[in-house]
Number of protein chains: 2
Amino acid sequence: MAALFEKDLDFEFVPVDFATREQKTPQFLALNPFGQVPVFEDGDFKLFESRAITKYVAEAYADKGTDLVCKDPKISAIQTMWMEVEGQKFDPTSSKLGWELYFKQMFGLTTDEAVVADLEKKLEDVLDVYEQRLTECKYLGGDSFTLADLHHLPYLHILIGTKMKSLFDARPHVNAWASDILSRPTWVKVVSMSPK
Amino acid sequence: MAALFEKDLDFEFVPVDFATREQKTPQFLALNPFGQVPVFEDGDFKLFESRAITKYVAEAYADKGTDLVCKDPKISAIQTMWMEVEGQKFDPTSSKLGWELYFKQMFGLTTDEAVVADLEKKLEDVLDVYEQRLTECKYLGGDSFTLADLHHLPYLHILIGTKMKSLFDARPHVNAWASDILSRPTWVKVVSMSPK
């Protein structure tokens with residue numbers, strides 16, 4: 001949704017009811033055989049996997065809204081590299097921390113503090129690399145906001161609302177970057193649409 | 001290396017000595033701050049993260065060797081979607097299985113069979129989706145071999161040498177696909193260069 005807003009595209013948001021396991025119905029499995037959200041439809045064209053959807057939106061609508069990718073092979077490769085870092089390093093750690101510190105509380109489950117301590121160390125290692133990178137340029141992919149930053153938004157938003165905020169407070173460049181991208185009007189709009 | 005061979009590129013392979021923790025030296029950390037292989041250098045241009053490297057090689061050398069990516073936004077998006085499936089679904093499961101069933105034996109450690117049983121179930125779920133997809137087209141990304149297939153090679157190679165082979169034997173389309181891509185001359189060449 002952040003990518004769609006950045007590209008100034010009109011779209012219809014179709015909620016999927018997890019309470020009735022709508023994501024596991026034959027109709028939904030025909031859209032995504034893994035039975036997960038998000039799924040994206042553009043006319044007859046269908047996609048799943050969030051990072052594939054954002055890349056399609058950024059490339060197919062290159063002439064609209066914010067430039068989120070670059071056509072130069074070397075600049076594009078650097079952006080792809082930081083997207084891979086998000087997918088392979090940031091997400092595996094932050095999504096498990098999000099489960100322990102945010103979703104478990106939502107479902108009335110008990111946080112496993114030993115698991116949190118282990119993940120916190122791993123997140124620190126990732127954020128140390130980001131701190132260094134963000135002394136070289138304002139955003140992970142270079143001097144402008146791209147998908148390499150955008151993909152971080154959901155778990156940055158969640159983690160900064162937990163005790164993991166201290167890891168960001170301790171790293172000035174990471175903290176400034178996180179504040180910057182979390183305050184983009186497009187992301188504020190996404191958050192305002194989320195159920196309270 | 002498989003991507004470089006597919007693109008018919010001359011390259012120098014520089015081994016990194018894990019025994020002396022060369023990957024954690026300041027010189028190596030300047031190439032990849034996460035202290036991991038592979039790292040790729042093309043003149044002055046440096047990249048880490050294997051999937052970012054293969055995409056750069058495929059795009060920057062589009063006119064050489066095998067076409068591994070497509071410029072059409074929709075076909076490209078479908079290929080990207082299956083690359084994301086590899087990175088987000090196949091790899092997290094297969095790399096942990098590879099650790100339990102292959103690398104632990106190499107290091108004289110004991111395989112945790114309860115962990116293997118859990119991962120095996122997850123791998124079956126992924127391969128069931130692949131089996132369906134591969135009834136629709138010969139390769140994951142469409143009718144030709146692309147990065148969406150190539151990224152699977154290392155862990156396919158490892159898993160098919162373990163008791164996980166039975167999961168492939170039970171799925172004819174997945175098995176034919178795996179045999180096809182593992183027998184590509186470029187991959188056979190990569191395997192022949194590996195230490196025994």
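Predicted model: local features only at pLDDT ≥ 70, side-chain atom pairs only at ≥ 80, totals over all residues.
Residues are numbered from 1 along each chain as its sequence is written, and chains are lettered from A in the order in which they are written. Local features need pLDDT of at least 70, side-chain atom pairs count only at pLDDT 80 or more, and totals for chains, interfaces and linings use all residues, while side-chain values use heavy atoms, with hydrogens and water left out.

The contact (heavy atoms within 4.5 Å) draws 30 residues from chain A and 30 residues from chain B. About 2700 Å² is buried between the two chains, 70% of it on carbon and sulfur atoms, where buried area is the accessible area (1.4 Å probe) lost by two parts on being put together, summed over both. Four salt bridges, each a side-chain nitrogen of Lys or Arg within 4 Å of a carboxyl oxygen of Asp or Glu, are found across this interface; one of them pairs A:E84 with B:K55, whose closest N and O atoms are 3.3 Å apart. On the side of chain A that touches chain B, at least two residues each are supplied by β2 (45-48), α3 (50-60), α4 (73-106) and α5 (113-136) of chain A, and the largest share, 14 residues, comes from α4(A); helices (H or I, at least four residues) and strands (E, at least two) are DSSP runs, numbered from the N terminus.

Among the 30 residues that line the second largest pocket, those closest to its centre are A:E59, A:K71, A:S76, B:E59 and B:S76. A pocket is an open set of points on a 1 Å grid over the protein atoms alone, where a 1.4 Å probe fits, with protein on both sides within 12 Å along at least five of seven lines, and lining residues have an atom within 4 Å of a point.
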